[in-house]
Amino acid sequence: MQRENYYIILELSVDPPENDRGVIEQAIQNKKVEWSRLRNHPTKGLQVQKFINMIPDIQQVMLDDTLRNKEAQAAAEFIEVGKENKISEIDGHIDILMGKGYISKEDIIRLAKIHGLSQNEINDRITAKKDAKYSRIDQLISLRMGKGYITEDEMGKIAKKNAMDVEEIRKRIRCPIVKDDKESDHLKIRPLDKSIEKAINDNLKVVGKTSLYDFLRLSENSDLKVLQENAGKKKKDLATIGRKDAVLTAGVTLAGHCLTIFKNNDTRIAYDVSLARAKLAALDSDINIAAINKKIRHEYFDALIKKAIEYGMDKEEAASYIKSHCREKQYRIEQKPEKKRLYIIAAAAAVLTTMVIIAGFHVFSNIHHKNVLKSEYQLLVKKVDAQTDPDQKIRLLKKYVTTHNKGEYSVDAKSRISQAELQINSKKFDQVLKQADRLIETENLDDALALYKRHLTQGLHKENKKTVNSRIKDVLALIETRDFEELINVSLKGEPDEKIKIFHKYLETRPNGKNKEQVQALIAEMSGEYFIFVKKMLAFYEQHEKWEECVRLCQNYIDIYDNSNSDQLKQLVPEYQENIRNEKIYISLVEKADKQGTNYNAAVQIFKDYLEAYPKSSITTKIRNNIERLNNSISIQNINRATNAMRLQFAATKGRFIEKTQGIIMDTKTGLMWSMLDSDITNSDTCLTYQQGKKYVKSLTTGGFTDWRLPTPEELSVIFKTSPAFPVSGNKTYWTSESYTGYSDGWQIQVATFSSENSTQWEIVRKNALECGAVRAVRKP
């Protein structure tokens, strides 16, 4: 069972990992204080209690060097997975936006906002995507350099395929560009000398690199100057290494080749031509290997197409190249199954017609040619017997069979072909058995099994097929023994869910395995252990409202066991399913509310209607939180409207009242600063008593000031009774700073208020401090 990572819980540095014992102990102590304070929190309480219970384990892990290192590694992996998922999502959005051929500044701003990243980070991802695109383009260009030049038509196709301007492609091409193949006759394109090429390739194999570009860790489209600088630096770095071995020697040799080949463009192009031709040669080799008995199965043809595409060809070009090579080598490409029958019928009809014609001809010419055929075949047999290569024998005999009519000599030729093929296949079969034995010795049992099964489908001789089936049976027995040992190890050390998973995997893959009953017994034994695990995980998922996971856990247990524990879980499933349904309803309500835009009242009503219909739903708390959020938005909206209206009224005061800064009005006659909005607007749902008014003005921070106070009656009189007056609408009762204690049916606090029946008739009225009033805050500059 997975738990929260302690580095992340304690908010400690992961990269580099925090290892200072004092810092870690202080972090644990700070969290103890924080969790104790939140123990009774209505929403965080359960999670906090869980963390409190984990404190002993946190201390054990984080104060032990070995365990802490493992925890730091796990935290780094967790963070890295989160980054990878985030990057994958961002790349998907970039791909969509790049569909129009470019990404605008507005697109970048929007992506940054959506993913919570800076615009520079989004630009970095776009650059990475573009680099990948250019890398593919360079691959397409490099392959076509095998002939030493590129035609205008090829360049245009590359540009069109990648939705780029032709001139952009032209800039990336390093070899000569010609109008068509005819124009290339005057070019003197030479690849590297074969001996130099072989020396380079041999040394590249030693250092484990594919090309000189790969050796220098640069792209094939790198600037010549950059290649020269890196080659020089590489050679200097290798020269400083004291220990001499094969890898170092090969590296020094390759660095020297780099300096020579990347000295100028001509030698570089020669190397690029050799590199491109090497790729084509590799593809030719793959085609030859795939041609079994001069026939390429359609599955192999599809695989060769993919290989050619990896080298830089498009699909059409790849198919054309492979077919051309097959024609040259006289290989036949098998048609796909759905078309094969039609071709067989047509071929059979053609063969039948040919046989009739040949038979007629044979009747009339058999006697005349009998001696000629015998002599010809005897010469062929001598030539075949002189060959040491079985493949060459088969080629000569097959050529005879395909160019001569059926007869005693062609039958003999076929018999000789069968003998030669049997010799070859026997040798190949022995190699397969030896390869499989090596895999078994190194405990690569799955690879050995795959090797046997792969060759079982390749038309083996009856005895060889029997041998392979017997060996497959032996390997399966070894694999079962290995897997059962792994299963026993997990049953002793693994978590309950790991045990159940491996037990069921064993039974699914080996329904009749020799250890079936023992595995079933292990499953039965751990019903209690697994139930405890399920209950703990249910508590976790309930806390995080992962109801689908709750249903899955319950159903997993119910599917395995039929006992009182499963009966308990069956009772929980309907509630979880109802919660899933309610979550979907909640998502739907949020979507409907969001569609209302800034009409927050309509959005609030959507949630209120649901609450009225379902007051005790599992999503009631979420609904109320949304209503509170929307009411805050309504309040902000009302404040903005009131502010705009007040600004229009202040504009009519002929410069007496001016907005000094946002939300603050200065009376130019007195120099006092007043809050633009009173508490009736900013606290629209609350009527303030005198004490509440004092508290309100004390907590006010309008304009960044914290010294706001209640005004005196005289200060209010100046702004409301002296023309042009401070704008106000409706009846108002403002609390002032003057108060005293009086007796009337008990001791009371009386406050001088400044009140009006309308916005023009103001007077000082004494009121009980417990009555309702508003606040118009004031401060001195």
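**Close-up views of cysteines, tryptophans and aromatic rings**

**View 1. Cys550 and its cysteine neighbour Cys554.** The sulfur of Cys550 lies 6.7 Å from the closest cysteine sulfur, that of Cys554, which is too far for a bond. A disulfide is taken to be a pair of cysteine sulfur atoms within 2.5 Å. The model is predicted, so local features require pLDDT of at least 70 and side-chain atom pairs pLDDT 80 or more, whereas totals for chains, interfaces and linings use all residues. Residues are numbered from 1 along each chain as its sequence is written, and side-chain values use heavy atoms, with hydrogens and water left out. Cys550 has a relative accessibility of 0% and is therefore buried; the term denotes under 20% relative accessible area, with exposed meaning over 50% and partly exposed the range in between (1.4 Å probe, protein chains only). Cys258 also counts as buried, because its relative accessibility is 1%.

**View 2. The disulfide between Cys687 and Cys772.** The structure has 1 disulfide by the distance rule. The sulfur atoms of Cys687 and Cys772 are 1.0 Å apart. The torsion about their S-S bond is about 125°, and the disulfide is therefore right-handed. Helices (H or I, at least four residues) and strands (E, at least two) are DSSP runs numbered from the N terminus. Both cysteines are partly exposed: Cys687 has a relative accessible area of 35%, and Cys772 has one of 43%.

**View 3. Tyr213 and Phe262 as an aromatic pair.** The structure contains 24 aromatic pairs. In this one, the ring centres of Tyr213 and Phe262 are 5.3 Å apart and the ring planes meet at 40°, so the pair is tilted. Tyr213 belongs to helix H11 (residues 212-216) and Phe262 to the loop between helix H13 (246-261) and helix H14 (265-290); the pair thus links distant parts of the chain, 49 residues apart. Rings of Phe, Tyr and Trp (its six-membered ring) pair if their centres lie within 6.5 Å, and planes under 30 degrees apart are stacked, over 60 edge-to-face, and the rest tilted. Tyr213 and Phe262 are both buried.

**View 4. The ring cluster that includes Trp762.** Ring pairs join Trp762 with Phe650, Phe657, Phe720, Phe726, Tyr734 and Phe754 in a cluster. Trp762 is part of strand E10, and its relative accessibility of 6% makes the residue buried.

**View 5. Trp674 and Val778.** These residues are 104 residues apart in sequence, yet their C-alpha atoms are 4.6 Å apart in space. Trp674 lies in strand E7 (residues 673-675). With a relative accessibility of 0%, Trp674 is buried.

**View 6. Lysine charges over the rings of Phe215 and Tyr586.** The charged end of Lys234 is placed over the ring of Phe215, at 5.0 Å from the ring centre. Over the ring of Tyr586 sits the charged end of Lys622, at 5.2 Å from the ring centre. The criterion is that NZ of Lys or CZ of Arg be within 6 Å of the ring centre and within 35 degrees of the ring normal.
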